[in-house]
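Notebook open. I want to look up a few residues and charged pairs, one entry at a time.

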Amino acid sequence: MAAMTATINVMLAIHGKKTTPIDLYKPLRHYIAQHYSEREAQDAEEDLQAVQHMRTDIERASDALEARRDLLQQYFRALSVMESRFPISNEKEHVNTLYFTWYDAFKPGKKATQQNIHFEKAAIAFNLGAVQSQIALAADRSSPNGLKQACNSFQFAAGAFSFLRDNISMKASGSSSTVDISVECAGMLERLMLAQAQECFYEKVLVDNKPSSLCSKVAKQVGLYYEEAYAALILPPLNQHFDRTWIAHVQLKAAQFHAEACYRVALQLHDQENVAEEIARLKAAGNMLSEAKKSGKGVVGPLLDAVSKLEANINRNLDRAVKENDRVYLMRIPPVESLPSLPAASLVKSAAVGELLDASKEKMFAGLVPDSSAKALSKYTEMLDEVIRVQAEKLQQESEIARVKLREMNLPDSLLSLEGSTSLPEHIRDEVEAVQIDGGPAGFEAEMRQLKDLRRVNEELLVQTEEILEEEAREDAQVRTQFGTRWTRPQSSTLTKSLHDRANGFAANLKQAAESDARIGRTIRDNAPLMAILNARPAELEMLGSERAGLEDMLKDMKRKDNILPKLMTTSGSYEDLFKKELAKYDPVCAEVAHNVEAQERLIQQIKAANDAFATTFNLQEYLGELLFSHSFSFSFGKVVFFVGEEYDIFFHANIIVVV
């Protein structure tokens, strides 16, 4: 346990685990030569040397903290790469001459040895958390940047211990393991690191003179994190493993910050003249510290000094509050046990270190692919092919459905078989499209509102101009009255006649524009039902067809770029979980396919409704019968593409068009 003996709060850093030297190179090279080939062993020479060099540097433990942190992360990724390629155990066909030995960080006299790469990974993850805590403790928390660095590093330390607990501890546990890498210890250390990260925030809110209510919430959460760490320390297997000063330190810190929360909220209560609860909170804070100090034997001096200082402040404020209540308020003091729990505000969380330790992009030993990984890759490829096939069939099926539905509605025959051209004149079509682009009838209304606003602004400007001219005329008359014939300037009416004329012209134009706008507005309102057709949009089956082609190309492109072999080679979980996660990246495209299908179904329904109305309006069946039997035809041949790309033969006779 390393303590910081400065004037600011005392915190802890974790010592790293120690190890013994091992030779990785020879056992791994022998395995490659035996199970792959000598050629592949030669190709892996550089990677084997790199792994051995990293392990040797870790054994020395002499680098600066930041460099050591980076080395641990790099070596952990290398171990993940090795995990799927080099089975390490006592079995004959495995790497069976490699033994990892590590000492317990809290009981240096105890060590464990395993032929298990997870044991090695657990030790490295532990040391990563330890180094991050040391970086945090080394930061100068008296400066804003140092305080931020300490807070971030404690959160990364918490993340490393959380990763150890959730991903490795169970794989490295057993009778030949050490307590420090157990699930219980890793969980306790995570809470301890979060407590100290939150404590950094508490120091910040004090420095920034934040309100007492906020300081209380932050302090309360510090106490809760320490309390959770203390709860783990007094239960097996940790209660018999840690030095008594460790437990006393965490217990006293929990009490300190629970009391600090009460003290800070009491300051707020004093400002609100709520003396009764202020006294109760201060009494609760004092009781917490008194009880905790009884078990504080062996705690470092600076922590005891901080607790004693807080206790003195609590007692001083309590004496003041009691006197004020006795003399002025005479309020009944509620029992301490009746007080509601104070609210807490957590401002920290365990940093996600999984991405830093992800080895899927590592190139080390890339040429060695075990049979298990090759089979897993083949299975994933089959699963992916099935996803692509199902979605492609959906897309192709929808195109065929569109063609069939259109034929059932006799489209486009019914539209093109009426006598005469059913197309709008080009200039009218252009105007309709322009109106639709501008928003249809709603666009008209927006433009009318804009015209109204512009007219109001112009009217206001005109009024202001006329007022200025009138003011100038009054000043001219006043001066002429005052100076008589001595005032020789031409009269205002003469000088400003042209301005008055122009103003009158503008007024007339504005009046005429207002009348014109009113007429247009009435016309728009009177024809609103008819103009509503401009809100309609063409039934763009062609657009949906193009979208389907794009989705199919997107799926093929995603498959072409999808290479999960590096992840298969480094995963420590089940292949099925990895497959599920990787296939999930195709879910958004599958959702777009489903959306396209639903959009076409709605569009087909709209087309059917419009076609039914069209057939009823034009009595289409009777008309087509008369057309077929009452005319003789001379034909010329052509081609047209309609909707989803279906080709229809068309024949022209006079001004009649038939599509078959």
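Which helix holds Asn317? I find Asn317 in helix 12, residues 301-329. Helices here are DSSP runs of H or I with at least four residues, numbered from the N terminus, and strands are runs of E with at least two.

Ground rules next. I am working on a predicted model, where local features need pLDDT of at least 70, side-chain atom pairs count only at pLDDT 80 or more, and totals for chains, interfaces and linings use all residues. Residues are numbered from 1 along each chain as its sequence is written, and side-chain values use heavy atoms, with hydrogens and water left out.

**Entry: Asn317.** I checked its accessibility. Asn317 counts as buried at 7% relative accessibility. The cut-offs are under 20% relative accessible area for buried, over 50% for exposed, and partly exposed in between, with a 1.4 Å probe and protein chains only. I then listed its contacts (heavy atoms within 4.5 Å). Leaving out residues up to four places away in sequence, Asn317 touches Tyr263, Leu267, Glu278 and Leu282.

**Entry: Ile181.** I looked for a loop residue. Ile181 sits in the loop between helix 7 (169-172) and helix 8 (183-207). Is Ile181 buried or exposed? Ile181 is buried, with a relative accessible area of 1%. Beyond its neighbours within four places in sequence, Ile181 contacts Lys17, Phe119, Ala122, Phe126, Leu164, Ser169 and Ala172.

**Entry: salt bridges.** Side chains of opposite charge can pair when their charged atoms come close. I counted a salt bridge when a side-chain nitrogen of Lys or Arg lies within 4 Å of a carboxyl oxygen of Asp or Glu. How many salt bridges does a search of the whole structure find? The search returns 29.

- Asp517 pairs with Arg455, the closest N and O atoms being 2.9 Å apart. Asp517 lies in helix 18 (residues 497-526) and Arg455 in helix 16 (residues 440-483), so this pair ties together parts 62 residues apart in sequence. Both Asp517 and Arg455 are buried.
- Arg29 and Glu38 meet at 2.7 Å, N to O. Glu38 is partly exposed, at 37% relative accessibility.
- Lys204 and Asp208 meet at 3.1 Å, N to O. Asp208 is partly exposed at 35%, and Lys204 is partly exposed at 39%.
- A network of salt bridges links Arg165, Asp166, Glu190, Arg191 and Glu228.
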